[in-house]
Amino acid sequence: MDANSNYLAALLQDGIPVVSSLQTILCEGGVPQRPVVFVTRKKLVNTIQQKLFKLNGEPGWVTIYGMAGCGKSVLAAEAVRDHSLLEGCFPSGVHWVSVGKQDKSGLLMKLQNLCARLDQDESFSQRLPLNIEEAKDRLRVLILRKYPRSLLILDDIWDPWVLKAFDNQCQILLTTRDKSVTDSVMGPKYVVSVESGLGKEKGLEILSLFVNVKKADLPEQAHSIIKECKGSPLVVSLIGALLRDFPNRWDYYLRQLQNKQFKRIRKSSSYDYEALDEAMSISVEMLREDIKDYYTDLSILQKDVKVPTKVLCILWDMETEEVEDILQEFVNKSLLFCDRNGKSFHYYLHDLQVDFLTEKNRSQLQDLHKKMITQFQRYHQLHTLSPDQEDCMYWYNFLAYHMASANMHKELCALMFSLDWIKAKTELVGPAHLIHEFMEYRHILDKKDCAVCENFQEFLSLNGHLLGRQPFPNIVQLGLCEPETSEVYQQAKLQAKQEVDNGMLYLEWINKKNIKNLSRLVVRPHTDAVYHACFSQDGQRIASCGADKTLQVFKAETGEKLLEIKAHEDEVLCCAFSADDTFIATCSVDKKVKIWNSVTGELVHTYDEHSEQVNCCHFTNRSHHLLLATGSSDFLLKLWDLNQKECRNTMFGHINSVNHCKFSPDDKLLASCSADGTLKLWDVKSANEKKSINVKQFFLNSEDPQEDMEVIVKCCSWSADGASIMVAAKNKIFVSTSILKKDELLLIVFLSFNQLWETKKVCKNYDIVLKQEVDVVFQENGVMVLAVDNIGRLQLINGKTGQIDYLTEAQVSCCCLSPHHQYVAFGDEDGAIEVFISSFQNISVCFHIGAGTSYFFDFQVWNWQLGEYVFLQAHQETVKNFRLLKNSRLLSWSFDGTVKVWNISTGRMEKDFICHQGTVLSCDISFDATKFSSTSADKTAKIWSFELLSPLHELRGHNGCVRCSAFSVDSTLLATGDDNGEVRIWNVSNGELLHLCAPITEEGATTHGGWVADLCFSPDSKMLVSAGGYLKWWNVVTGESSQTFYTNGTNLKKIHVSTDFKTFVTVDNLGILYILQILE
């Protein structure tokens, strides 16, 4: 009997159920079947099993390592083909993943497939994870909840960073050619080394089983074949399979090996694949003539990609059964591998076989790829691809690859320049792979239309952070935000017009041409504020850190995440690459400084000698003697030598927090900036202070006591030659042009805003942005916006033409435009109020009312033409806001929890409503003027009648501060919004909750991107618009979202809406003005 027969016989002795159970576990887990001819390597298998037993149910790693073709995968599969091992150690089963050499997008595909396999009933999620971190979390939850005592087998690991994605407290068996790959992961580790080739006796045993001859009866040529192929299990199996069909060709196959007539595969590797190349050549030549071409077709497959049977059915225009019969012949001859997952088969080539086929059929590759595309077009249309189709994922990931390889440039451009394709692909697998394809095929796409290629690449780069989120954004709406000359915009506009006819809502950003967006890439790697970001020295990577306590590293070109490290126990304030990009330093509020390997994320050093938070860190500019400088709130600077465990030097001299430090270009000097108002220069070699410049003195008036003035020197930067240094403090920049001389010259430059530009673009200064305090008047043919900019100027903006009139140079803090835009009022930072009568072309009259003297808990109502006012005082705490009512009445609300009604003619308070225990954050008046609503920090909203001092309804259910409310025009509905991003719609007559419009997601993230700050109903009460982290429109009847407009910034405070509900105006926290119109 052969080995398989012995194996089955042994199992039958213990009863059929064991066989069924074991085989089912292995099959469902994707464990490869035994080779057709198999010889046991019992010692190695036992060693692997012993290591697996040592895991003892705890997370850990067992590594099988050795050269390519030495049988690592077969040994791993054989080790788990043991019922007692699985029953005792891994009762939840085994899960096999063929990994191979991957980039980030390829690894994501592997993780997506594994998650789909483990969650076939979709009990955890109905969509695939869109990035590696999400996939890692999904895998962790699936293993923990559904397969808590299972074994994950990772076959053919090349890179240490790949293991990070599987470092989830799992029990893992892996095969690799590099024993050090597990150095970057935590937990117990056990290693099994596999020799590169079989011993002579084992090799002869394999040949004897193939040709069904006793080992002692094998011809002499058998011994020579084992010697020539260096005992490679894969080579012996390939030649043995040939000899089984042609047992008289011993001399022929030995001669082929000895003559080395096949072209050697050249590959960047330390291994010699010469014998394997020759064996594969022989194997392919001996295939049946009628199936040789089918094997040639496999030359276009990529390494480590498992191809569904359906793809090859399309390629060969055959039924599934026919294709499987052909492929099984390849499998039987060790020319192809099969992975069975449930009912479906997936086929793949070993990477050496791919290299061999590519080299052998190089002249045919273009035609073979073209054949693949032609067949795809026969069977599929892009818009008909569905995620539930077996071959869907393959086409989304590799269709562009086949088109590019087929030299089908026209078809590739049509694909990549299609908004439909971008939507379909990013919704399924996220944007990272698509951005990668634009980079990879840029040389082809540029030839078709460089401008269009840039349009789409920029669209993906700037919206990648949105295209990776859930719920998936409307990509047509995103496209409408592109410049009108962009191909993306033109396709989006065409689609939008078609969908508007079917009742879809879309919005045009009509003033976008006045907004200059010079960003190259937008990524949101952090979940909280970002405190620092820096480029690597080669410009290929960006490191960032922030309030979420993490260090993130991502590609500068595509935004693809490379590392995410939980770096500190508190906020991370600064990060820096070393001169050779080997290390990244981080410093934190937790008082620690840490050094990380910039590639693997491994922690190299931890320094904890500072006694307060560490604010800054900076490496020397040269790598031959690497030093790190850190500055802290303990007033100290420290120098660290990475070869030492303790601080090299501590520098005393500052009398307040050190905010920033930077080495001179030659590394001889270190500059430091402090909250004590000074810039100090230190000699790096001796750590002695060389010079101190009192920056504070330049802000002092002769009458100001120096001790009363606080001047924080924030940062500094050296000129390239080290002759000058630039320092920033308050609103000035100082440039010292003679650093170590006594009579230095300081040049002062006034700046109000700093912006980072894409340096290849020529642009003018764009440092003037709007504050969020604006007023809007809607006109029949346009909109006028009165706004305050960040330097206190008052701007009147024509929303249609973009024309800006600057009305005053005063330090304006708030503004107001009369309904017929005849008058303009503003308040300045000194408490003065001024009113203009304006023709919008020039100022004709100015009334100066005078400075207000009220406290925060009272306010004044002015007759501005007479200069008279009424003083309203009764609130016990700060007045939050007010609304004018009819009949000379005014409604005010306050931090004291009350709402009051005033007669502004007499200044008397007429009604006092004790509304909430917490601050009253907003009120709204019903359109019939009989009711008002109040919302509060106590997480409730209330509906009141002006005639009663007790509420009509108390609206409970919000889990955050209820920040805003709005009545519908017919006064039958009330909408409320809270700080968790929830919008609720209530029945005014009975207080019943009708809809919860923006619930918190399962991951705990708000679907509104932040606080809901403002709400407004349409005139027919069928639609509602809300402002939060972005703008959303809701169907009031169903409570479902009709559209979302993502602003560049966040934290929208107010949405101004025209009476016909067709025009909307808001300003985000970046100072960008949005004038939106519903597309008709």
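Is Lys423 buried, partly exposed or exposed? Lys423 is partly exposed, because its relative accessible area is 35%, and buried means under 20%, exposed over 50% and partly exposed in between, with a 1.4 Å probe and protein chains only. Before we go on, a word on what you are looking at: this is a predicted model, in which local features need pLDDT of at least 70 and side-chain atom pairs count only at pLDDT 80 or more, while totals for chains, interfaces and linings use all residues. Residues are numbered from 1 along each chain as its sequence is written, and side-chain values use heavy atoms, with hydrogens and water left out.

Let's step back to the whole chain. The protein chain has 25 helices and 58 strands; these are DSSP runs (H or I, at least four residues, for helices; E, at least two, for strands), numbered from the N terminus. Of its 1080 residues, 54% are buried. Contact means heavy atoms within 4.5 Å. Among contacts between residues at least 6 apart in sequence, 49% join residues at least 24 apart.

Now return to Lys423, which sits in helix H21 (residues 419-429). Setting aside neighbours within four places in sequence, Lys423 is in contact with Phe472 and Ile475. The C-alpha atoms of Lys423 and Val476 are separated by 8.7 Å, although these residues are 53 apart along the chain.

Helix H21 also has a packing partner. Two packed helices are described by the angle between their axes and the distance between the axes. H21 packs with helix H23 (residues 442-467) at an angle of about 30°, and their axes are 13 Å apart. Here axes are lines fitted to C-alpha atoms, for helices over the stretch in contact, and angles run from 0 to 180 degrees between N-to-C directions. That makes H21 roughly parallel to H23, a label for angles under 35 degrees. Leu419, Ile422 and Thr426 of H21 make the contact with Phe456, Phe459, Leu460 and Leu467 of H23.

Finally, find the open sheet of 4 strands, with the order E52-E53-E54-E55 and antiparallel pairing; two strands pair if DSSP finds at least two bridges between them. Strands E52 (1014-1017) and E55 (1041-1045) stand at the edges, each with a single partner strand, so one side of each has no neighbour in the sheet. On average, neighbouring strands of this sheet are turned by 15° against each other, direction ignored. Strand E53 (residues 1023-1027) pairs with strand E54 (residues 1031-1035) in the antiparallel sense over 5 bridges. There, Ala1027 stands opposite Leu1031 in E54.

Methods: Angles under 35 degrees count as roughly parallel, over 145 as roughly antiparallel, 65 to 115 as roughly perpendicular and the rest as oblique.
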